[in-house]
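Try each task yourself before you read its solution.

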Amino acid sequence: MERLIIHGGKPLYGTIRVHGAKNAVLPIMAASLLAEEGVSMLDEVPYLQDVKTMKEVLLSLGVKIEEGDRWVLDSRELTSVEAPYELIGQMRASFLVMGPLLARMGKVKLSFPGGCAIGNRPIDQHLKGFEALGAKIRYEQGYIEAECPKLIGTSIYLDIPSVGATENIMMAACLARGETVIENAAEEPEITDLANFLNGMGAKIRGAGTDTIRIEGVSHLHGTVHTVIPDRIEAGTYMVAFAITEGEGFIEGVIAAHLTPVIAKLREMGVYVSEEERGIHVVGTQKLKPVDIKTLPYPGFPTDMQAQFMALLTKAAGTSVLTETIFENRFMHVPELVRMGAKIRTDGRTAIVEKSELVGAMVQATDLRAGAALILAGLAATGTTEIGQLHHIDRGYVSIESTLKSLGAEIERKSWSEPEGDGSPQRGHHLFIPAPSIARATLK
Ligand code: UD1
């Protein structure tokens with residue numbers, strides 16, 4: 001059990017280099033299952049818990065993996081079409097192995113996926129796509145089985161532009177007979193990165209990054225070399241870190257075009273943001289203005305930046321309105337921010353944020369980006385913030401505390417049972433009140 005301890009109020013200064021994108025590398029790792037010949041080599045793989053989980057999923061299917069500066073994935077001999085329940089349940093993105101396995105092996109059996117608890121996250125659009133390609137789907141005791149000796153290309157209209165469904169169907173369609181057209185497809189940069197990887201493997205995909213993707217099926221795919229795109233959400237989180245602490249920093253290696261709405265909203269709030277050749281320069285300000293934000297599919301404002309902006313908006317002079325349209329339960333950070341003094345009210349999918357004085361408190365990361373928002377709030381708060389449930393944060397940020405420390409933050413990770421060394425009770429025992437004390441307290 002670990003906690004992050006933050007002594008807030010220190011402005012951050014410095015340069016950071018952004019890592020490869022979590023949401024790009026996960027589907028790309030799944031797509032490597034399609035390579036019957038050669039090996040796939042990946043550069044800029046971020047060493048995250050989610051990447052380790054995907055690695056375990058692939059190992060369970062027979063993929064051989066070498067880690068390093070360049071990851072090597074050898075999928076030539078697959079040994080299984082069934083991934084263990086414990087792994088699929090841990091991370092929703094592990095469901096992305098379904099499309100490649102179905103296309104290459106003609107058969108796949110997976111349990112229903114898990115992931116961050118940010119509302120009901122169905123997979124109906126993934127399954128609708130596989131069925132349209134000719135797969136027979138069966139449900140059995142929490143498992144989904146799909147089968148089809150040879151997928152047949154077709155036209156698929158997604159009811160919502162789901163990122164995962166677009167990726168899963170695009171991967172499956174690469175080995176289908178004839179052409180597949182995905183309409184109302186998601187347009188996220190991670191989809192374009194996956195299409196580039198697949199095209200490097202010999203696939204014929206056009207239109208990725210628009211709402212209509214055309215995939216001409218090929219008979220087989222081979223390994224390729226690919227560099228994962230930079231993580232726009234990691235970059236956006238550090239941009240908010242500089243803004244919320246009234247600091248100044250440079251985020252190297254980020255593609256500014258992937259962050260257009262984030263940059264626009266920061267500028268609207270009064271933060272100085274300059275897009276330069278090598279990255280993005282951010283200068284915070286004491287005088288933040290309130291803004292209204294609505295999350296939308298790309299190129300709209302990313303839902304994965306909503307929580308971080310909520311933390312920042314508590315410092316703006318006035319009332320801001322945040323509307324979450326992608327996920328139905330993505331305000332779990334609100335009660336935690338309120339514990340830190342944030343003045344936030346929610347009404348359904350809308351949150352109203354007023355200027356607040358943030359004060360350190362003991363809080364829990366309820367999901368990945370909620371955890372990031374609490375770190376940001378802790379950096380800006382007076383006093384000490386202790387954040388628990390760090391496994392959520394480790395899913396998506398590479399050594400976040402050492403990066404923040406290098407920028408001047410007072411932050412450290414402590415083990416729950418670590419002795420304090422000063423005679424005070426062990427961490428984790430602070431909630432334990434011996435019975436006699438309770439009795440005395442009650443008698444007073
Ligand atoms: C991906 C990202 C996640 C991001 C999200 C939205 C990865 C690994 N994760 O998640 O960080 O927050 O995109 O930008 O890339 N939906 C359905 N039926 C489906 C599929 C989705 O109703 O079959 C709904 C979901 O419940 C959700 C919305 O569509 O409300 C968006 O989900 P989707 O775009 O699929 O997100 P993910 O791919 O899970």
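Buried means under 20% relative accessible area, exposed means over 50%, and partly exposed is in between (1.4 Å probe, protein chains only). You're looking at a predicted model, where local features need pLDDT of at least 70, side-chain atom pairs count only at pLDDT 80 or more, and totals for chains, interfaces and linings use all residues. Residues are numbered from 1 along each chain as its sequence is written, and side-chain values use heavy atoms, with hydrogens and water left out.

**Exercise 1.** Work out how Arg3 and Glu386 are connected, and classify each by accessibility.

*Solution.* 
- Step 1: their side chains meet in a salt bridge, 3.9 Å from N to O. (That term means a side-chain nitrogen of Lys or Arg within 4 Å of a carboxyl oxygen of Asp or Glu.)
- Step 2: Arg3 sits in strand S1 and Glu386 in strand S24, 383 residues apart, so this pair links distant parts of the chain. (Strands are DSSP runs of E, at least two residues; helices are runs of H or I, at least four; both are numbered from the N terminus.)
- Step 3: Arg3 has 4% relative accessibility, so it counts as buried.
- Step 4: Glu386 comes out at 14%, so it's buried too.
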